[in-house]
Every structure is written in structure tokens, then in C-alpha cells.
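Okay, thanks everyone, I'll keep this short. Let me put the structure up, and then we'll walk through it from the whole chain down to a few residues.

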Amino acid sequence: MMSAMLTVTDLRGRTPSTSELRRILPRGGTDVASVVPTVAPIIEDVKHGGAGSALDYGEEFDSVRPVAVRVPDDVIARCAADLDSELRAALEEAIARIRAVHAAQKPGEHTTEVADGATVTEVFLPVERVGLYVPGGKAVYPSSVLMNAIPAQEAGAESLVVCSPPQAEHGGWPHPTILAACSMLGVDEVWAVGGAQAVALMAYGDDGEGLEPVDMVTGPGNVFVAAAKRVVNGVVGIDAEAGPSEIAVLADDSADPALVAVDLISQAEHDENAASVLITDSEQLAQAVDEEIDTRAAATLNADRAATALGGQQSGIILVDDLAAGIAVADAYAAEHLEIHTRNAAEVARKITHAGAIFVGPFSPVPLGDYIAGSNHVLPTSGTARFTPGLSTHTFLRPVNIIEYNEDALTEVGPHIITLATDEQLPAHGEAIKARTEN
């Protein structure tokens, strides 16, 4: 089979192991570790120099320096007032749906009585102060404001700060749509800082400027932002080191090649390193999809970017013998976004175990989840969906156990504790029990 644009990996006639699949499946990603030496000095400078150092780096890298780090309230209010009415309506609908989904995610506390007078209660406490990074490079992402802020709010976080790069064309403040989205969510603390320096400033703060550090940093960004999150992890919590966007489509011969093609292109326009992968047991479909991509990709606004992504080593077509093999490949790939274009798509979706989010059927494309489905679009990339969830209300909650035993309950299990403590050569542990249970 000849391919016009996407590289083909033919797995038909064999059953590759998980180890082999990890080696041969298309995968791009970015080498975060290689950027850490560049980012670490920036983190250290901002740690000691605070807001001034952060602004210095912004001026050096982006040739823009806002008059202050914190965006004034009147600037945010003006951006909200000037927001286009259709865009406002779209954001309002997205907010309502995202809030409904994330409000329902919050678990309630529960108590387990393990014996008479012996209880363990699990409560869920919110992260108190959260820093949300919103990119501002190749595109404007008000949707990222919604996806990060709403779950933190529903978890009960006491305060939020949004960091987004200053824009020279907007008076040195973040993009007006970003600020309007913040206003619509009641987020009034926005810092005009981007890149690694923003992550550092959120982690360490600046008392002199009244910038309180956060307890957790979330949100997508480029490789420098990802590397900065790696460096400050431990000082603060992080959600994940987000890589380039990726989509996998699992399809059989019932799929519409035009719909599959436009969905693969939709993610390729994000970034030159974005990944678009088709997994199918139909060579005819694969050929048709590739021809559709070859025709349609050139017509998109971001044609050069999309062409680079689609032609890169991270994108391609995987041919398999049957649907079962396709499911195995999809699980090994563990896509950020996985679309199911097969017969009985809902049934097939339930057989998937590794994906950041699963989109079922022809009327549930990834852009639906990017904006308004109600689900979160901050998802694990580069195969990390095998062990990492996407952003949710749970991200901002800390389960804490409250242990309460009365005297009889402790006395009942005291000998077992003493036995275990003795075996581990920690006799003082046993003495702490004896002091309470032996007269």
C-alpha cells in the first residue's frame, strides 16, 4: 500500500508483544530532560529575585515587559465588557457543562467501622492555593482557563492565580479573551508572566510584591514549561508534564474516511510535533483516509503546521488483522485522545483500558471535548495514560484518613501491634501501645 502522507506500519499477520509495540508505534514527544539544564537557572533566579527576575526573563525571551506582574482589576473588567457576544455565549455554555461534570466528580466523605469502637474516616480536603498556567503562544486558549479553574473551584480551592504570557499587542497584558474568561469564572488574580519563569514565580512567590506562592501548579505549556514543572515538583505539586497533542482513531471499514481525516487534521494543526494516528483493520479505509488528508490538510488555515505534524515520525497508519488486534494496539499506544469509529462503538469503547479520554462514534469528535462536552481537555500524553489520569476535580483534592479508636478497640489489637513492632525491631512503637493498654 502506498501512502500519500502518513507513514504506514503493517502489523498484519503477527501479534507483537507490548515491548515491541512500545518500540515501533509512532511516537514523537519532547525530551523534557534535555531542557532542564536550561530551565533550572531560570527557576533559581526567580526563586531569589522574585517578580523582577521573572519580568526580566519575559523581556529577554519575548521582548515585552508589563508595568506590573498582577493584571489590574479594571483591565480584566474592561476585557470582560468588550467580549464578543457570540464568544461570551459559547464560553457560558462551556462553563455550565464543564461545571456540571466536575461538580459531580467530587466524592463525599465515608467512614469504615473496622470493629466496635474503631473507625477510619476518609475526607477529601482541597488544595488551598492553585496556580493555573494558560499558554499564549501560537494560539489563544480561553478553554484552558475553564478546564483548569473550574475543577479547582469545584474541589473547593480557596484561591486561584492564573499565569499567562504578556502580549505586546495588548498593552503588555495577557490576551483579552484569557482575561475575560477569568472574569467570567470569578478569578481576579492574574499574573502577566509566561514560560518557565511563570512556573517559578508561582512556586516561590514574592512577598515584596504581594505575590503569594501556590501549593500546586497545573496547566499545559511548551517543553520549557514542562521542564520547569519538573524542577519545582516537590516544592509544589504538579498535574503532569504535558507533551504535544495527540489523537488516535480506532476504525473499521464502517468508518467515514472524511470524518476520520478531518479529526486527524484537527489535532495536527495544534503543533508541528502533534501526533495523529489511525489504527484500522481495513486497508481500503486507510487508503481513503490518507487521500482525504492529502487533499484537506493543505486547505486548513494552519496547513504548514499540520503538514509537518502529519508527515512526522509521530504520526501514521497502523494496519492490524482485526478489531481485537486494533484494541491491543490502542491500549499499547495509550493516546491522549482516542476516537472509536467502528460498529458497536460504545461496546468497543468499554474494552479500552488505556486512553486519556475516549470519544465514541462519529458525532463525538475530539474538538467536542476540547471545548464543550463537559469533560476536561487537560489529558495525559506520550503514553502516560497507562498510569496517569487527566485533570479533574480529583486533581485538586487530597484524601485524608481520620483514625479514631477507643480504649477497648486499641486493647483488642494491641498485642498484634506489639508483635509487628518487635519483628521490625521498633520496640518503642510497642511501648507506645503498652502504655495505653497495660496497667
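So, the protein chain has 16 helices and 14 strands. Keep in mind while you look that this is a predicted model. In terms of extent, the C-alpha trace spans about 85 × 60 × 45 Å along its principal axes.

How much of the chain is buried? Of the 439 residues, buried ones make up 47%. And then contacts: if you take those between residues at least 6 apart in sequence, 74% join residues at least 24 apart.

Now let's zoom in on a pair of helices. When two helices pack, you describe them by the angle between their axes and the distance between the axes. Here I want α3, residues 73-81, and α6, residues 176-184. Their axes come within 8 Å and cross at roughly 95°. Angles of 65 to 115 degrees count as roughly perpendicular, so that's what we call α3 and α6.

Which residues make that contact? On the α3 side you've got V75, I76, C79 and A80, and on the α6 side P176, L179, A180 and S183. Sort the residues of this contact by type and you get seven nonpolar, one polar and no charged.

Buried or exposed? I76 has 6% relative accessibility, and the cut-off for buried is under 20%, so I76 counts as buried. Leaving out residues up to four places away in sequence, I76 touches V71, L179, S183, D188 and V190. For a sense of scale, I76 and V123 are 47 residues apart in sequence, and C-alpha to C-alpha they're 36 Å apart in space.

Next one: K229, over in helix α8, residues 223-232. This is a lysine with a relative accessible area of 2%, so K229 is buried as well. What's around it? Setting aside neighbours within four places in sequence, K229 is in contact with V199, V217, T218, G219, I238, D239 and A240.

Last stop, the rings. The count of aromatic pairs comes to one. Separately, there's a charge over a ring: the charged end of R27 sits over the ring of Y333, 4.2 Å from its centre.

That's my tour, happy to go back to any of these spots.

Conventions
Residues are numbered from 1 along each chain as its sequence is written. This is a predicted model: local features need pLDDT of at least 70, side-chain atom pairs count only at pLDDT 80 or more; totals for chains, interfaces and linings use all residues. Side-chain values use heavy atoms; hydrogens and water are left out. Axes are lines fitted to C-alpha atoms, for helices over the stretch in contact, and angles run from 0 to 180 degrees between N-to-C directions. Helices (H or I, at least four residues) and strands (E, at least two) are DSSP runs, numbered from the N terminus. Angles under 35 degrees count as roughly parallel, over 145 as roughly antiparallel, 65 to 115 as roughly perpendicular and the rest as oblique. Contact means heavy atoms within 4.5 Å. Ala, Val, Leu, Ile, Met, Phe, Trp, Tyr, Cys and Pro count as nonpolar, Asp, Glu, Lys and Arg as charged, and the others, Gly among them, as polar. Rings of Phe, Tyr and Trp (its six-membered ring) pair if their centres lie within 6.5 Å; planes under 30 degrees apart count as stacked, over 60 as edge-to-face and the rest as tilted. A charge sits over a ring if NZ of Lys or CZ of Arg is within 6 Å of the ring centre and within 35 degrees of the ring normal. Buried means under 20% relative accessible area, exposed over 50%, partly exposed in between (1.4 Å probe, protein chains only).
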